[in-house]
Amino acid sequence: MKLIKLLFVCALISSCNAPKAVYDYDDTVSFNNYKTYQLFPDFQTGLSQLDETRLITSIKNGMESKGFSTSEEPDVFVNAYSREFMDQNRSSIGIGVGGGGRSGGVGVSGGIPIENNSVILEVTIDFIDIAEDSLIWQAIVETKFNPNASPEERRAMFDEIVQKALEGYPPKK
């Protein structure tokens, strides 16, 4: 029984750090026509050079797993960009003291934060139809980001971000 409780707590904690994705796409497009890709010519993610290289490697691996191949004359350009922001801590424990009697009352309360503010990394991945020069698919993925993470942890994070993004491709209409 203790093991089940422990597994439940671990699952709950790990689910809080899982990337969250939002997808959007052009519903008039037939996504079966796209088989080749190339990174956008002006690919600038806003990440450090090392993190950008990790993201590019993750994108290439993810695109290959989706059946895409690189080409000098691709069907789509893949672009990615990012931004970091602070997640405001909304979790706190309230403590209050109060008293009163007859027609009067006094109260004092306050909140103690449960966790610190987190750095959130938002990565947007776009697919651009080259022939039409139009955005056809987009995924926005948010995850907690540890600026002090090791290179292995960062690589795993970018793999997870790209995997979560590409879960929504091709869109299910």
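Two strands pair if DSSP finds at least two bridges between them, strands (E, at least two residues) and helices (H or I, at least four) being DSSP runs numbered from the N terminus. This is a predicted model, in which local features need pLDDT of at least 70 and side-chain atom pairs count only at pLDDT 80 or more, while totals for chains, interfaces and linings use all residues. Residues are numbered from 1 along each chain as its sequence is written, and side-chain values use heavy atoms, with hydrogens and water left out.

**Exercise 1.** Determine how β4 is joined to β2 and to β7.

*Solution.* Begin with β2, which runs parallel to β4 and is joined to it by three bridges; here Tyr 37 stands opposite Val 76 of β4. Then turn to β7, which is antiparallel to β4 and linked to it by twelve bridges, with Phe 85 having Ile 120 of β7 as its bridge partner.

**Exercise 2.** Describe the largest nonpolar core and the surroundings of Ile 59.

*Solution.* A nonpolar core is a set of buried (under 20% relative accessible area, 1.4 Å probe, protein chains only) Ala, Val, Leu, Ile, Met, Phe, Trp, Tyr and Cys residues joined through side-chain atoms within 4.5 Å. The largest one has 32 residues, and those with the most contacts inside it are Ile 59, Ile 125, Phe 127 and Trp 137. Among the elements that each supply at least two of its residues are β2, β4 and β7, whereas the largest share, six residues, comes from α3. Finally, beyond its neighbours within four places in sequence, Ile 59 is in contact (heavy atoms within 4.5 Å) with Leu 39, Phe 43, Val 78, Ala 80 and Val 162.

How values were computed: Buried < 20%, exposed > 50% of the residue type's maximum accessible area, 1.4 Å probe, protein only.
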